Amino acid sequence: MMQDANVKVNGMSCRSCIRKIEGTLNSIGVEGKVHFDEGTVEVKYDESKFTLGDIKDVIRSKGYEVAN
């Protein structure tokens, strides 16, 4: 079942951050859309494959701070 969530991300400082985050999420099969001005990432994911915690960890692994 597909799940939607908004993740608050700090540390997105430039437009290349958008490509980095969206590209990383897409590479694992998560649909990600960065809302740069709001500091959020809208994600759509298959909850049978990922938890929201997994997705936050992937974003953190790229050097961003994710709010809980």
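**Sheet.** Strands are DSSP runs of E of at least two residues, helices are runs of H or I of at least four, and both are numbered from the N terminus. I took two strands as paired if DSSP finds at least two bridges between them. I noted 2 bridges in the antiparallel pairing of β1 (residues 2-10) with β4. Opposite N10 I found E65 in β4.

**Source.** I am working from a predicted model, in which local features need pLDDT of at least 70 and side-chain atom pairs count only at pLDDT 80 or more, while totals for chains, interfaces and linings use all residues. Residues are numbered from 1 along each chain as its sequence is written, and side-chain values use heavy atoms, with hydrogens and water left out.

**Helix pair.** I then checked α1 against α2: their axes come within 10 Å and cross at roughly 135°. Axes are lines fitted to C-alpha atoms, for helices over the stretch in contact, with angles from 0 to 180 degrees between N-to-C directions. That angle makes α1 oblique to α2, since angles under 35 degrees count as roughly parallel, over 145 as roughly antiparallel, 65 to 115 as roughly perpendicular and the rest as oblique. I listed the residues in contact (heavy atoms within 4.5 Å): α1 gives I21, T24 and L25, and α2 gives I55, V58 and I59.
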